[in-house]
Amino acid sequence: ETPVYVGIATFTDERDRKLQGARLVQARLDAGYRTRHAAAVENEWPPATYSSHERGTRTMGKDDAEKYA
């Protein structure tokens, strides 16, 4: 399978996006946010985009990862 290059990150399939999303969920919970929506609104992130990243249905680029860090 040919990898898809996004910024400096490489994602080859849905499994990678799901793993990335799981890490994002854990970081949100560790930060004390119970819901995706609460985290997005509080941090002024687009809720739909953030939700897609958590669900692993949208590839997260380097700029998004830095924003969420």
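This is a predicted model: local features need pLDDT of at least 70, side-chain atom pairs count only at pLDDT 80 or more; totals for chains, interfaces and linings use all residues.

**Salt bridges and a helix crossing**

I started with Arg 15, which counts as exposed because its relative accessibility is 63%, above the 50% cut-off. The side chain of Arg 15 forms a salt bridge with Asp 16, at 4.0 Å from N to O.

Next I looked up Glu 54 and Arg 28, whose side chains make a salt bridge at 2.5 Å, N to O. This pair ties together distant parts of the chain, with Glu 54 in helix H3 and Arg 28 in helix H1, 26 residues apart. Buried or exposed, I wondered about Glu 54? Glu 54 is buried, at 5% relative accessibility, and Arg 28 is buried too, at 9%.

I listed the contacts of Arg 28, leaving out residues up to four places away in sequence: Tyr 33, Arg 34, Thr 35, Arg 36, Ala 39, Tyr 50 and Glu 54.

Then the helices themselves. The axes of H1 (residues 14-30) and H3 (residues 47-55) come within 6 Å and cross at roughly 115°, so H1 is roughly perpendicular to H3. On the H1 side I noted contact residues including Lys 18, Leu 24 and Arg 28, and on the H3 side Tyr 50 and Glu 54 are among them. By type, the contact residues split into 4 nonpolar, 2 polar and 4 charged.

Last stop was helix H4 (residues 62-68), where Asp 64 and Lys 67 are 3 residues apart and therefore separated by about one helical turn. Their side chains meet in a salt bridge at 3.5 Å, N to O. I have Asp 64 down as buried at 13% and Lys 67 as partly exposed at 37%.

Key:
Residues are numbered from 1 along each chain as its sequence is written. Side-chain values use heavy atoms; hydrogens and water are left out. Axes are lines fitted to C-alpha atoms, for helices over the stretch in contact, and angles run from 0 to 180 degrees between N-to-C directions. Helices (H or I, at least four residues) and strands (E, at least two) are DSSP runs, numbered from the N terminus. Angles under 35 degrees count as roughly parallel, over 145 as roughly antiparallel, 65 to 115 as roughly perpendicular and the rest as oblique. Contact means heavy atoms within 4.5 Å. Ala, Val, Leu, Ile, Met, Phe, Trp, Tyr, Cys and Pro count as nonpolar, Asp, Glu, Lys and Arg as charged, and the others, Gly among them, as polar. Buried means under 20% relative accessible area, exposed over 50%, partly exposed in between (1.4 Å probe, protein chains only).
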